[in-house]
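Visitor: I have just opened this structure and would like to learn how to read it. Where do we begin?

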Amino acid sequence: MKTGWNVAEVIEVTQETRTARTLRLRLPGLAGHRAGQHVDVRLSAPDGYTAVRSYSVASASPGDELDLTVEELADGEVSPYLVRQVAVGDQLEVRGPVGGWFVWDPADPSPVQLIAGGSGVVPLMAMLRAHTAAAGSASPGGAAPFRLLYSVRGPDAVYYGAELDDLARLPLVDVTVVYTREAPAGSNEPPRRLDAATLVRSTLPAADNPAVFVCGATAFVETVADWLVQAGHSPARIKTERYGGTGTRP
Amino acid sequence: MTGDLDDLDYLDGNAAAGPLSEFFAIDVVSARGRCAHCGRTDALATARVYPNSHGLLLRCPGCTEILLRLVDAGDRVCLDLQGLSFVELRRH
């Protein structure tokens with residue numbers, strides 16, 4: 001972990017959706033990070049005013065590069081700048097990667113259930129990518145089943161769509177996407193909100209004692225965590241990351 | 001916001017990892033802490049973070065009392081740990 005505030009350079013920018021971009025940063029001296037960690041980004045105005053926001057790392061590379069996927073919030077102080085203005089070659093002040101709790105450990109052989117609401121998929125994507133990297137190594141976690149349940153507004157709001165399709169073909173990985181407002185073209189299933197029955201049907205059973213990671217807006221995380229406990233999962237096995245905002249329940 | 005503790009304007013303890021990294025050499029949100037008010041003992045990452053314009057509060061998810069208060073005054077940053085009676089770090 002790098003301590004204090006450091007300067008990172010934006011080396012690549014990718015539009016994920018109409019309102020989200022992935023920024024690839026190079027942070028000199030960084031030697032990898034743990035899947036699920038976040039960084040704090042600080043913007044400073046000429047008058048000295050500063051704003052700090054946390055963004056999850058989406059990538060799982062061992063070197064000095066990090067991908068952050070940022071969703072633009074209409075009334076945001078930091079995200080509109082990161083999504084609309086930052087360009088390759090710009091510098092950003094960052095702290096971290098930090099956080100040692102909401103992380104997947106490749107040494108843990110437990111099956112893993114990931115549950116994302118909207119842009120909550122970002123740190124879970126880092127875990128999926130780390131799992132893929134571990135699958136070719138001696139790490140016990142690389143042989144663990146990984147499932148992702150991704151609740152998202154519509155096909156236009158999906159992050160990493162093509163990569164998730166590829167990952168879903170791997171023998172150990174399972175991906176279920178629930179569209180809440182708009183179904184993909186040609187789909188027979190109407191859009192619907194995630195409910196407890198769908199959650200239980202599309203996730204690893206409590207009997208498998210999976211490590212569960214839930215990330216999304218606060219209301220989403222609260223509701224999903226309650227359903228998981230009602231379905232028999234131990235609260236001690238459920239790790240949550242709320243990204244704030246009042247948001248909507250599933 | 002009304003300041004009502006039942007509102008949803010909070011984050012997980014994990015969100016305090018960056019600000020607390022200014023004080024602690026290790027990731028303290030993974031450490032277990034005991035609430036000085038109700039005795040609940042769990043990882044600080046499971047507590048609730050209430051960010052505000054000048055820092056953050058960490059509240060016990062059991063009794064909602066304040067575990068930790070961080071005030072960022074620009075040229076200095078202050079930490080009040082009165083609400084934590086015990087902290088346990090795990091060595092890796």
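**Where the chains meet**

Guide: Start with the contact between the two chains, to which chain A gives 17 residues and chain B gives 14 residues. Two residues are in contact if their C-beta atoms, placed from the backbone, lie within 7 Å. This is a predicted model, in which local features need pLDDT of at least 70 and side-chain atom pairs count only at pLDDT 80 or more, while totals for chains, interfaces and linings use all residues. Residues are numbered from 1 along each chain as its sequence is written, and chains are lettered from A and ligands numbered from 1 in the order in which they are written.

Visitor: Which elements give two or more residues to the side of chain A that touches chain B?

Guide: Helices (H or I, at least four residues) and strands (E, at least two) are DSSP runs, numbered from the N terminus. On the chain A side, the elements giving two or more residues are β6 (91–98), α5 (218–230) and β11 (238–242). By class, that side holds four nonpolar, nine polar and four charged residues. Here Ala, Val, Leu, Ile, Met, Phe, Trp, Tyr, Cys and Pro count as nonpolar, Asp, Glu, Lys and Arg as charged, and the others, Gly among them, as polar.

Visitor: How many helices and strands are there in chain A?

Guide: Chain A has five helices and eleven strands. Its radius of gyration, taken over C-alpha atoms, is 18 Å, close to the 18 Å that the globule rule (2.2 Å times the number of residues to the power 0.38) gives for 250 residues, so chain A is as compact as a globular protein of that length. Of these 250 residues, 44% count as buried. A residue is buried if 20 or more other C-beta atoms lie within 10 Å of its own, exposed if 12 or fewer, and partly exposed in between, with C-beta atoms placed from the backbone.

Visitor: Into which domains is chain A divided?

Guide: Domain bounds come from an automatic or database domain assignment. In chain A, domain 1 covers 5–98 and domain 2 covers 112–242. Their centres, taken over C-alpha atoms, are 24 Å apart. Domain 1 brings 14 residues to their contact and domain 2 brings 13 residues. On the domain 1 side, β1 (5–17) and β5 of chain A are the elements that give two or more residues.

Visitor: What is the order of strands in the open sheet of six strands in chain A?

Guide: Two strands pair if DSSP finds at least two bridges between them. The order in chain A is β4-β3-β6-β1-β2-β5, with antiparallel pairing. Strands β4 (50–56) and β5 (65–71) of chain A are at the edges with a single partner strand each, so one side of each has no neighbour in the sheet. Seven bridges pair β5(A) with β2 (residues 20–26) of chain A in the antiparallel sense, and L23(A) stands opposite L68(A) in β5(A).

Visitor: What is the order in the open sheet of five strands in chain B?

Guide: That order is β1-β4-β5-β6-β7 (chain B), again with antiparallel pairing. Strand β6 (residues 66–72) of chain B is joined to β7(B) by four bridges, and L70(B) stands opposite L79(B) in β7(B).

Visitor: Is A43(B) buried or exposed?

Guide: A43(B) counts as buried because it has 20 C-beta neighbours inside 10 Å. This residue lies in strand β3 (residues 41–43) of chain B. Not counting residues up to four places away in sequence, A43(B) touches W101(A), S30(B), A31(B) and R32(B).
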